[in-house]
Amino acid sequence: VEGAIDRLTWEIANSLREKKTLVVWMFDVSPSLRDRRQAIADRVENVYKQLNQLNVVSDNALKSAVAVFGEQCTIVTNKPLDDAAELVSTVQSIKSESSGDENTFSTVLKFANPFLPFRTEMKRDVMLIVVTDEEGTDIDNLEEAIVRCKRYGLRCYCVGDSAPFGRK
């Protein structure tokens, strides 16, 4: 997790050097991911401090949102957050669910839409970060998710085991 989050810090910093950025954290709510969610929450505050030290965060340039997925996909934050402590608290409050479904690609498709105005109207970079340990039970939505992300210039990253974004 640490290495992946460090790499994402670099990606976010590069994005912020170009333009304001929205990072949408999408967490798998399966019980097997509880420890990883906690590890990420522990690192996020440090990540935001590092970004401040790099002088790439100013004027609410970095906003973050949190969504969860399992059988259902839900946006946890009512509006994108500016505060790292609030983001950490939100991630730590995610409850596990044991439905056995990880609708990874449906989640990307569903959350591309509500956050699309940040890209198209507000001219922000939008980064979708999927945190999961499964390939997704909805592989039939993979190609459509790829096409939508490419069409609108949404960058999608996966923090997980060796099953990133559609690979078995």
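**Sheet and core**

Guide: In this predicted model, β1 and β4 pair in the parallel sense over 7 bridges.

Visitor: What makes β1 and β4 a pair?
Guide: Two strands pair if there are at least two bridges between them. β1 and β4 have 7 bridges, so they count as paired. Opposite Asp 125 in β4 stands Thr 21.

Visitor: Why are β3 and β5 called edge strands?
Guide: The open sheet has 5 strands in the order β3-β2-β1-β4-β5, with mixed pairing. β3 (73-75) and β5 each pair on one side only, and are therefore edge strands. On average, neighbouring strands are turned by 20° against each other, direction ignored.

Visitor: Which strands does α1 touch?
Guide: α1 packs on the sheet and touches β1, β2, β4 and β5. The direction of α1 makes about 165° with that of β5. α3 lies across β1 and β2 and runs at about 5° to β2.

Visitor: What makes a set of residues a nonpolar core?
Guide: The residues must be buried, of nonpolar type, and joined through side-chain atoms within 4.5 Å. The largest such core here has 31 residues, and Trp 25, Phe 27 and Ile 40 are among those with the most contacts inside it. α2 gives the most to this core, with 6 residues.

Visitor: What is Trp 25 in contact with, leaving aside its neighbours within four places in sequence?
Guide: The contacts of Trp 25 include Ile 5, Leu 8, Val 44, Ser 64 and Leu 87. A second, separate core has 22 residues, including Val 24 and Phe 118.

Terms used
Residues are numbered from 1 along each chain as its sequence is written. This is a predicted model: local features need pLDDT of at least 70, side-chain atom pairs count only at pLDDT 80 or more; totals for chains, interfaces and linings use all residues. Side-chain values use heavy atoms; hydrogens and water are left out. Buried means under 20% relative accessible area, exposed over 50%, partly exposed in between (1.4 Å probe, protein chains only). Helices (H or I, at least four residues) and strands (E, at least two) are DSSP runs, numbered from the N terminus. Contact means heavy atoms within 4.5 Å. Axes are lines fitted to C-alpha atoms, for helices over the stretch in contact, and angles run from 0 to 180 degrees between N-to-C directions.
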